[in-house]
Amino acid sequence: MTAEIGAAPSPEPQSPRPLNSGEPTGLGGCDSSVTLVEGATFCLSNRLGDVEPGRPHGLFFRDARVISRWELLVDGKPAEPLSVLSPEAFAARFVLRRPPQAGLADSTLLVVRERLIADGMHEILTLENMGREPTAVTLELHVNADFLDLFAVKEGRAGHGRADIAVAEGELLLHDHVDRARGLSVTATVEPTVLPGTLVWRIVVPPGGSWQTEIIAQPTVGNQRVQAPLAPGEHHGLSAPSRKIEAWRDTATKIAATDLLLTQVLRRSESDLGALQIHDETGEGRPFVAAGAPWFMTLFGRDSLLTAWMALPLEVDLALGTLQQLAELQGKKVDPLTEEEPGRIMHEMRRGPASGQALGGNIYYGTADATPLFVMLLAECHRWGADPDAIRALLPAADAAIGWLTEYGDQDGDGFVEYRRASDRGLINQGWKDSFDGINDAAGHLAAAPIALCEVQGYAHAALLARAELADVFGEPRIATRLRERAAELRGKFAEQFWLSDRGWYAVALDGGKRQVDALTSNVAHCLWAGIATDEHAAELVRRLSGPDMDTGFGLRTLSSSMGAYNPMSYHCGSVWPHDTAIAVAGLLRYRQVPGAVELATRIAGGLLDAAAAFGGRLPELFCGFPRDQFAVPVPYPTSCSPQAWASAAPLLLVRSFLGLDPNVPGRTVTLRPQLPPEWGRISLTDLRLGSVTIDLEAEGTQVISARVPDGWQVVTR
């Protein structure tokens with residue numbers, strides 16, 4: 001039985017295309033690199049499918065590069081690229097041809113490489129002869145591995161040379177000569193001539209005929225081979241990654257839009273988030289999300305929490321799994337090397353051969369914002385219908401996190417959360433703008449630690465209210481009252497000490513001398529999202545964020561172009577980060593009663609989707625902050641991750657925010673306050689799981705077309 005409400009239906013729109021369709025999409029991107037990812041394994045190659053020596057290419061498994069060279073030569077030369085298609089984030093088809101023979105304009109030999117990534121790599125190599133006579137072909141696949149740690153590859157540090165290579169019964173075996181328990185096995189179904197470092201096939205392909213072999217690269221750990229992504233002859237659709245993504249699609253909400261661009265972007269978001277999911281060590285347990293490929297294929301506190309928040313319209317279990325995983329790794333002791341402190345939520349985890357040398361250890365805790373975000377997400381999961389027993393089990397972790405905000409996060413007892421790294425190995429900046437020069441004043445001078453970031457105070461305020469809400473639910477009224485009093489006190493102190501009345505924005509931070517770091521940044525929009533801003537201040541922020549110094553036309557700049565440190569080609573000082581712009585949109589729509597807030601949210605969201613179109617439907621981690629009237633398409637940032645988790649999830653936050661979607665499962669209510677951009681047309685959510693029930697929603701413009709909910713539930717529309 002369902003209850004249904006709705007305004008008079010508008011004329012029937014073009015049939016929406018479902019998000020959960022998984023159609024092949026051409027690879028976007030800014031350079032010649034192709035990134036494939038599945039869980040914690042990823043492969044970076046050029047558009048031929050080759051892993052070139054001397055570049056940050058390779059197959060990476062458990063944070064180590066297990067293939068550093070994988071080059072195919074056709075008759076002694078690289079093939080010529082025709083196209084690359086990626087039906088999923090973990091698979092690609094490289095369509096190539098043999099270079100034309102001397103004196104001929106065209107080639108008659110098609111070369112196709114079909115690659116699938118999982119805990120290793122599976123590649124089907126196919127030759128098709130389009131000519132009228134048999135053609136002789138020599139194929140050479142050159143293989144090497146340096147087993148270099150991910151950090152070393154990222155930073156361009158040289159490895160320790162070639163692997164130890166051996167040939168045994170048609171198999172190429174490579175071992176790390178520093179740690180021989182780490183290695184790689186390469187085999188093929190059509191047996192090649194195997195030389196140290198090279199597989200060679202000499203073939204004659206008949207006219208109109210074809211030839212094919214399957215090549216399997218399996219990492220070894222502890223002298224044990226990991227399971228191959230596919231057995232020889234097995235179809236790609238039967239692989240573990242394909243089964244995983246189909247299971248993800250089966251459980252995820254189906255989101256459809258009339259607007260074809262939005263549908264394309266949402267489909268890519270869903271596919272990428274499915275591929276970036278990692279399960280606990282059993283491989284079958286609770287899911288969490290890696291931060292992004294190619295360099296952050298691991299659990300990150302801040303990134304994983306924000307991604308899980310944004311992805312709630314698709315699935316709640318991802319958020320709950322992320323919380324449970326982070327709770328297990330929550331700080332227990334004081335360790336200056338890793339910056340672990342009791343109650344602190346970790347920053348990142350690494351498993352590579354040199355992980356203990358990077359940021360102090362395998363698990364590094366140097367972040368100021370993950371801890372309050374943890375508490376925020378816990379309460380949000382409860383509202384979205386996560387198992388109440390699972391929420392209750394995480395309350396001690398939430399209390400430890402609240403304790404960290406007071407005991408360790410507030411170093412000087414002034415009521416604000418600050419950070420200062422504990423050793424010279426740690427991160428200088430420990431908010432989301434964690435580059436060394438990410439926090440500076442209007443003149444461009446770097447802020448001195450300890451630093452209290454404006455958005456972190458917003459998160460702390462929201463965390464106190466979130467824990468108070470959970471205290472109400474679980475019968476702790478005194479705790480709820482005390483936490484709300486603390487939140488109110490923090491909000492008042494924040495308005496007094498962070499607001500720049502002569503500028504019309506919040507200081508990005510207070511520095512070690514409690515001086516206001518007065519740059520205009522996108523951080524202030526996070527204060528809107530977290531709800532710490534007053535309506536009066538929000539009205540000023542809308543005006544300041546609307547200017548061309550902040551709005552590029554493709555999204556919001558991280559730093560105003562009028563500031564001293566502005567550089568549109570920098571990482572955090574003038575670039576555009578899609579997740580940051582999406583949070584700004586969510587913040588503006590939280591203050592929709594403020595004049596101009598909805599209009600600005602609509603404009604910058606439209607610009608961000610236009611940027612997505614330029615990147616083939618997949619938003620990258622960041623791109624350069626040049627104005628749209630200078631360059632008609634967004635200018636890529638050279639080392640941007642793609643896919644990257646919170647960039648992939650950003651479109652989902654846009655949809656949720658413009659729908660005004662706010663479920664409260666314990667209260668059996670769903671709030672919908674749509675402000676959908678006209679060009680989006682109709683948006684529908686089907687099989688949205690909220691606890692033990694599912695609901696269907698449809699909206700267009702400011703109208704709720706239909707909302708089907710179970711008996712006993714209420715839909716609040718204004």
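**Entry 1: ground rules**

I am working with a predicted model, where local features need pLDDT of at least 70, side-chain atom pairs count only at pLDDT 80 or more, and totals for chains, interfaces and linings use all residues. Residues are numbered from 1 along each chain as its sequence is written, and side-chain values use heavy atoms, with hydrogens and water left out.

I noted how elements get their names: helices (H or I, at least four residues) and strands (E, at least two) are DSSP runs, numbered from the N terminus. Two strands pair if DSSP finds at least two bridges between them.

**Entry 2: a sheet of four strands**

I started with an open sheet whose strands come in the order β4-β5-β6-β7, with antiparallel pairing. Its edge strands are β4 (33-38) and β7 (64-67), and each of these pairs on one side only. For angles, axes are lines fitted to C-alpha atoms (for helices over the stretch in contact), and the values run from 0 to 180 degrees between N-to-C directions.

Then I zoomed in on β6 (residues 58-61) and found that three bridges pair this strand with β7 in the antiparallel sense. Phenylalanine 60 stands opposite arginine 65 in β7. Which residue sits in the loop between β6 and β7? I found aspartate 63 there. Aspartate 63 has a positive phi of about 65 degrees, although it is not a glycine.

**Entry 3: a hairpin**

Next I followed β10 (residues 80-88) and β11 (residues 91-97), which run antiparallel and are joined by six bridges. How many residues lie between β10 and β11 in their hairpin? I found two residues between them. Across this pair, leucine 85 stands opposite arginine 93 in β11.

Aspartate 662 stands opposite threonine 671 in β34.

**Entry 4: helices α6 and α9**

I turned to helix α6 (residues 370-383), which packs against helix α9 (residues 454-473) at an angle of about 40 degrees, with axes 8 Å apart. The two are therefore oblique to each other.

The crossing of α6 and α9 is left-handed, a word used if the near helix is turned anticlockwise from the far one by less than a right angle (right-handed if clockwise). I listed residues in contact, meaning heavy atoms within 4.5 Å. On the α6 side they include Leu373, Met376 and His382, and on the α9 side they include Tyr459, Ala463 and Leu470. By class, I noted 13 nonpolar, one polar and three charged residues in this contact. Ala, Val, Leu, Ile, Met, Phe, Trp, Tyr, Cys and Pro count as nonpolar, Asp, Glu, Lys and Arg as charged, and the others, Gly among them, as polar.

**Entry 5: helices α4 and α15**

Helix α4 (residues 301-310) packs against α15 at an angle of about 30 degrees, with the axes 8 Å apart. I wrote down that α4 and α15 are therefore roughly parallel to each other. α4 passes α15 in a left-handed crossing. Among the residues that meet are Leu306 and Trp309 in α4, and Trp646 and Arg656 in α15. The classes in this contact are nine nonpolar, one polar and three charged residues.

**Entry 6: a salt bridge**

My search of the whole structure turned up 36 salt bridges, each a side-chain nitrogen of Lys or Arg within 4 Å of a carboxyl oxygen of Asp or Glu. I picked one of them, between glutamate 380 and arginine 656 (2.4 Å, N to O). Glutamate 380 lies in α6 and arginine 656 in α15 (residues 645-659), so the pair ties together parts that are 276 residues apart in sequence.

**Entry 7: two cis peptide bonds**

Last, I checked two prolines. A cis peptide bond joins alanine 449 and proline 450, with omega about -5 degrees. Proline 450 is in the loop between α8 (395-407) and β28 (452-453). The bond from serine 642 to proline 643 is also cis, with omega near 5 degrees. I found proline 643 in the loop between α14 (597-614) and α15.

Methods. Angles under 35 degrees count as roughly parallel, over 145 as roughly antiparallel, 65 to 115 as roughly perpendicular and the rest as oblique.
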